[in-house]
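Subject: Structure handover

Hi,

Here is the structure I promised to pass on to you. Please open it next to this email, and my notes follow below.

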Amino acid sequence: MSGKSRRDFLKSSALIGAGITGLSSNSANAAPTNILSPDRMGVLVDTTICIGCRNCEWACKEAHDIPAGDLESYENREIMKKDRRPDHTALTVINEYSPGKHSNLPVNVKVQCMHCDHPACVSACIVGAFSKQENGSVIWDTDMCIGCRYCMVACPFQIPTFEYHKALQPDITKCDFCFERTSEGKLPACIDICPVEALTYGPRTELVLIARERIRRNPDRYIDHIFGEYEVGGTAWMFLGSKDFNELGFPQLGKDPAPGVSEAIQHGIFAYFVPPVSLYALLGGMMWLSKRRKELEQEEKI
Amino acid sequence: MNHEDINPVPVKRKFFTPGVIVLCVLALNALVFLAIRFFYGIGAVTNLDNQYPWGIWIGIDVAAGVALAAGGFTTAALGHVMHREEYAAVIRPALLTAMLGYTFVAMGVLVDLGRWYYIYHPLYMWNGNSALFEVGICVMIYLTVLYIEFLPIVTERFIGKINLPGILSKLNKLIDKILRVLDRGLAKTMFIFIIAGVVLSTLHQSSLGTLMVIAGPKMHPLWQTPILPLLFLLSAVAVGFPMVIFESLIASRSLKLKPEMHILSRLGGMIAPLLGLYLAFKIGDMFIRETFVYLTEFNTASIMFTVELLFGVVIPLRMLLSPKVLKSPALLFTASVLVVAGVLINRINNFVVAYTPPYADYSYFPSIGEISVTVGFVAMLVLLYRFFVLNFPIVSLPGKASGPSAKYTVKGVK
């Protein structure tokens with residue numbers, strides 16, 4: 001009798017083990033699209049060229065169905081006295097900083113999603129609503145998002161924003177690198193409209209070469225640093241500047257990909273579900289042994 | 001039989017007392033703010049914004065809630081897996097706490113989710129890289145396991161006592177039969193769920209710590225460490241028994257029962273080694289990463305870190321090493337409260353205090369609405385706890401005859 005039920009126990013334990021392992025083969029594929037194509041596109045922003053006309057802000061809103069107003073109203077530079085951040089009313093903004101070494105004019109810096117090569121939001125999103133596409137854009141899927149805002153916690157650039165005052169279907173908003181426009185062969189709206197060609201759109205590898213060449217030719221104009229070449233493992237949007245990037249509103253970041261350690265921990269704990277299944281087996285064994293010991297003790301007493 | 005027999009019975013007391021009425025008011029207050037949140041959005045009642053996406057609803061309701069419900073799996077491991085039957089009397093109260101605790105964790109998540117009506121998405125939209133996905137799935141499964149573990153208490157309460165009025169009385173026999181079949185099935189398979197519960201708890205208690213690792217430099221170096229998952233697991237294990245003691249002493253006072261000091265003192269004796277292990281890792285981590293330099297600064301972070309470690313770990317650890325403390329209900333209660341508060345503050349520190357985004361232009365502090373909802377959830381939890389204790393066989397009254405002792409064992413051994 002007891003032999004039979006022991007076999008039952010082993011059988012059911014094995015079944016559970018198999019069930020969990022079955023789960024793991026699925027979950028190996030259960031990650032969002034995260035393509036790091038060698039041909040991915042990027043943008044080189046030359047902050048020494050930008051004149052702060054804010055036409056890109058207007059074009060961005062037009063392209064994303066956000067109320068944009070008259071283009072003339074964007075000539076008002078008063079608004080730049082205070083640093084602004086992108087949100088659901090503007091996916092990109094231009095901020096102004098004191099002059100760098102290249103001229104006496106203020107430096108203007110465009111702010112938008114950096115479209116990281118190893119995006120923290122893609123790694124973090126609980127449902128995999130974020131994805132890194134082949135052309136380099138990091139985009140968000142409204143049909144999946146549950147509004148947990150973990151992407152906002154994860155992003156090292158504080159880019160994703162949320163519609164806190166909407167009771168139903170609040171969106172996570174951020175620059176999508178004009179994914180729809182580029183799919184149709186058009187340029188991203190901000191790059192299309194820029195009157196001074198401060199933004200250069202092209203394959204990321206070529207942009208790095210262009211940026212290095214500019215620094216080499218004009219060492220007096222630029223500091224020797226391409227922001228985004230290595231930061232958090234590299235970003236699609238890269239910046240040239242005439243002074244330290246910390247003074248231009250950029251965060252100080254290391255070269256390791258943002259999600260790095262957390263994914264390693266996560267995969268370590270779960271390594272093909274071996275640790276959890278082993279723990280299950282171990283506890284089952286302990287339960288069996290401790291019960292057995294108790295019974296032996298009692299038999300001795302009798 | 002060398003173990004103490006237990007006999008859980010519904011406690012016969014009035015539901016309403018002045019304290020209960022205060023709790024009802026707090027719960028109703030929370031419902032008002034929840035209504036505003038669901039009609040006008042999260043921004044209408046919270047101080048959350050694009051700088052601070054997570055506040056106390058995640059830091060307390062979810063993170064601390066999960067940690068403080070750890071008594072469920074630590075007592076299950078002790079009582080069922082290690083077969084220490086002398087602790088049988090605290091298993092049911094701890095199970096009830098865990099079940100209610102996790103239910104309110106789920107509610108906390110629900111109100112914090114921007115699109116709460118999509119809460120089921122993680123069930124079929126998987127991201128294996130996400131620590132939050134792991135926590136979400138584990139908590140969902142564990143909540144189910146807890147409900148299953150609680151079912152025998154429900155069947156025990158109703159078997160042979162089904163007495164529906166009027167026309168429904170024809171169903172009495174059928175329902176009774178279903179309950180009996182359910183009870184027998186559960187008794188045979190319960191060990192599967194008990195072990196699963198312990199495994200699931202180990203997993204998500206630690207993954208909860210992994211959550212903030214991805215925030216990288218946004219999190220203060222005093223807390224940001226790759227061993228966060230280990231620290232979260234160790235502190236959850238350490239807070240399990242203090243939470244059981246804390247509740248048991250409060251419950252026996254509120255229900256006017258004699259405190260079960262013979263069990264609680266022994267439980268208390270096990271806290272010190274667990275707490276010591278946690279402290280060793282916490283201090284070791286601080287020295288390896290040389291973060292103690294931040295303690296020389298005088299700011300919110302250094303104060304909160306000191307409070308968390310000194311009052312939440314060091315002082316109760318010293319107290320619990322003394323036999324005098326373990327024998328005195330008042331001192332044991334004080335030490336347990338300190339450990340519980342220490343873990344609560346630790347979770348708040350990790351999720352709220354330590355978090356500073358790069359473009360912050362102010363510090364987050366919870367709004368009246370956020371505090372009301374958090375307090376209201378705790379009030380609702382206590383009310384439900386009281387309801388269950390008064391109506392279901394949860395609490396063992398000392399000195400009564402024997403009942404079902406360790407009912408759930410590995411099936412092989414009869």
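**Helix H8 of chain B**

In H8(B), the buried residues are Ile263(B), Leu264(B), Leu267(B), Gly268(B), Ile271(B), Ala272(B), Leu274(B), Leu275(B), Tyr278(B) and Lys282(B). Here "buried" means that 20 or more other C-beta atoms lie within 10 Å of the residue's own; a residue with 12 or fewer is exposed, one in between is partly exposed, and the C-beta atoms are placed from the backbone. Helices are DSSP runs of H or I with at least four residues, strands are runs of E with at least two, and both are numbered from the N terminus.

What covers those buried residues? The cover includes helix H4 (88-112), H7, helix H9 (300-320), helix H10 (323-327) and helix H11 (329-353) of chain B. H8(B) itself runs over residues 261-288, and its 28 residues reach 40 Å from first C-alpha to last, close to the 40 Å expected at 1.5 Å a residue. That expected span is 1.5 Å times one less than the number of residues. Just after H8(B), Glu290(B) takes a positive phi of about 50°.

**Before you read on**

This is a predicted model, so local features need pLDDT of at least 70 and side-chain atom pairs count only at pLDDT 80 or more, while totals for chains, interfaces and linings use all residues. Residues are numbered from 1 along each chain as its sequence is written, and chains are lettered from A and ligands numbered from 1 in the order in which they are written.

The pLDDT is the predictor's confidence in each residue, from 0 to 100. Chain B averages 89, and 94% of its residues score at least 70. Over residues 400-414 of chain B the pLDDT is below 50, though this stretch has 50 contacts in the model beyond near neighbours in sequence. Two residues are in contact if their C-beta atoms, placed from the backbone, lie within 7 Å. For the complex, the predictor gives an ipTM of 0.89 and a pTM of 0.89.

**The rest of chain B**

Chain B has twelve helices and two strands, in the order β-α-α-α-α-α-α-α-α-α-α-α-α-β along the sequence. Its radius of gyration is 22 Å, close to the 22 Å that the globule rule gives for 414 residues, so chain B is as compact as a globular protein of that length. The radius is taken over C-alpha atoms, and the rule is 2.2 Å times the number of residues to the power 0.38. Of the 414 residues of chain B, 51% count as buried. Among its contacts between residues at least 6 apart in sequence, 82% join residues at least 24 apart.

One residue to look at is Lys218(B), in the loop between H6 and helix H7 (228-254) of chain B. Is Lys218(B) buried or exposed? Lys218(B) counts as buried because it has 20 C-beta neighbours inside 10 Å. Leaving aside residues up to four places away in sequence, Lys218(B) touches Tyr355(B), Thr356(B), Pro357(B) and Pro358(B). Lys218(B) and Pro357(B) are 139 residues apart in sequence, yet 5.2 Å apart from C-alpha to C-alpha.

**Where the chains meet**

60 residues of chain B are in contact with 64 residues of chain A. On the chain B side, the elements that give two or more residues are helix H1 (18-40), helix H3 (71-81), helix H5 (131-158) and helix H6 (172-210). H6(B) gives the most, with ten residues.

**Chain A**

Chain A has nine helices and nine strands, and buried residues make up 42% of its 302 residues. His115(A) lies in the loop between strand E3 (107-111) and helix H3 (120-124) of chain A. His115(A) has a positive phi of about 50° although it is not a glycine, and it counts as buried, with 27 C-beta neighbours inside 10 Å. Cys178(A), in the loop between strand E7 (172-173) and helix H5 (179-183) of chain A, also has a positive phi, near 45°. Cys178(A) counts as buried with 23 C-beta neighbours inside 10 Å.

In helix H9 of chain A, the buried residues are Pro276(A), Tyr280(A), Leu283(A), Gly284(A), Met287(A), Trp288(A) and Lys291(A).

Happy browsing!
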